[in-house]
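Q: I have a model open here and would like to walk through it with you. Could we take it piece by piece?

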Amino acid sequence: MENKTYEIYYGWKIPFISLDCVILGALAIASAIIKQWAGFQEILIGICGVVFILAALAVLIYYFYSRISKMPVLIIGDDRVKMHAPLKGGYSDVEFEDVDDFELFSLNGNKMIAIKYNPAGYRKLMDKSNGANQALVKFNTNKIGAAGNLNASNLTMTSTDICELLKERLNNYQKLHNA
């Protein structure tokens, strides 16, 4: 069994999508200025333009920060996958001992990988989650049939390859620990 850890980063599409948002925001602000902020609609369009620009700049700053500091989005090891959680300021671990399967699916055109937990892993996930996270896990389970998922769009590896790699690592882990 190979002992390689895979690090997967954000892809090159993120800055272009963010720049599109900056352009769209600038056009909205220009439209509101041309109409001299005459009414509620123009003010709302201008505010939306500012929000678009600020959000796009925040995404660009985070993207370049993660690239410069070489911070991967996913780290796939022999016994777990680590997913970067920006709001936590670190990584969330999904241990293969808690997982039955990984499954590729699409939600609103966004490629995702469902994490199908085994019963013991699901209990462990629920025990370590607060009330809000438990509600999200239940919502996820009802919506996609899996307690967790990871975003596999706009990364340096295709979503299909990531899913196949996860399944391979999971199978290797299960063979090693169930033998």
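Q: Which residues line the second largest pocket?
A: This is a predicted model, in which local features need pLDDT of at least 70 and side-chain atom pairs count only at pLDDT 80 or more, while totals for chains, interfaces and linings use all residues. Residues are numbered from 1 along each chain as its sequence is written, and side-chain values use heavy atoms, with hydrogens and water left out. The second largest pocket is lined by Gly11, Trp12, Lys13, Lys111, Ala152, Ser153, Asn154, Leu155, Met157, Thr158 and Ser159. A pocket here is an open set of points on a 1 Å grid over the protein atoms alone, where a 1.4 Å probe fits and protein lies on both sides within 12 Å along at least five of seven lines, and lining residues have an atom within 4 Å of a point.

Q: What volume does the second largest pocket have, and how do its residues divide by class?
A: Its volume is about 180 Å³, taken as the space filled by probe spheres set on the points, with grid points joined across faces, edges and corners. The lining divides into four nonpolar, five polar and two charged residues, where Ala, Val, Leu, Ile, Met, Phe, Trp, Tyr, Cys and Pro count as nonpolar, Asp, Glu, Lys and Arg as charged, and the others, Gly among them, as polar.

Q: And the largest pocket, what is its volume?
A: The largest pocket has a volume of about 1,000 Å³, and of the 32 residues that line it, the closest to its centre are Met83, Ala85, Lys88, Ser92 and Asn149. By class, this lining has 18 nonpolar, 11 polar and three charged residues.

Q: Which helices and strands each supply at least two residues of that lining?
A: They are S3, S4, strand S6 (110-117), helix H3 (119-128), helix H4 (131-144) and strand S7 (148-151). Helices (H or I, at least four residues) and strands (E, at least two) are DSSP runs, numbered from the N terminus.

Q: Switching to sheets, in what order do the four strands of the open sheet come?
A: The order is S1-S2-S3-S4, with antiparallel pairing, and two strands pair if DSSP finds at least two bridges between them. Strand S1 (6-8) and S4 stand at the edges with a single partner strand each, so one side of each is left without a neighbour in the sheet.

Q: How many bridges join S3 to S4?
A: Six bridges join S3 to S4 (residues 90-95), and Arg80 has Glu95 in S4 as its bridge partner. The two strands form a hairpin with four residues between them, and Gly89 in that turn has a positive phi of about 75 degrees.

Q: What about S2 and S3, how many bridges there?
A: Three bridges join S2 (residues 74-76) to S3 (residues 80-85), running antiparallel; Ile75 has Lys82 as its bridge partner in S3, and Leu74 has Met83. A hairpin of three residues connects S2 to S3.

Q: How many salt bridges does a search of the whole structure find?
A: The search finds nine, a salt bridge being a side-chain nitrogen of Lys or Arg within 4 Å of a carboxyl oxygen of Asp or Glu. One of them pairs Asp78 with Arg169, with the closest N and O atoms 3.0 Å apart. That pair links distant parts of the chain, since Asp78 is in the loop between S2 and S3 and Arg169 in helix H5 (residues 159-177), 91 residues apart.
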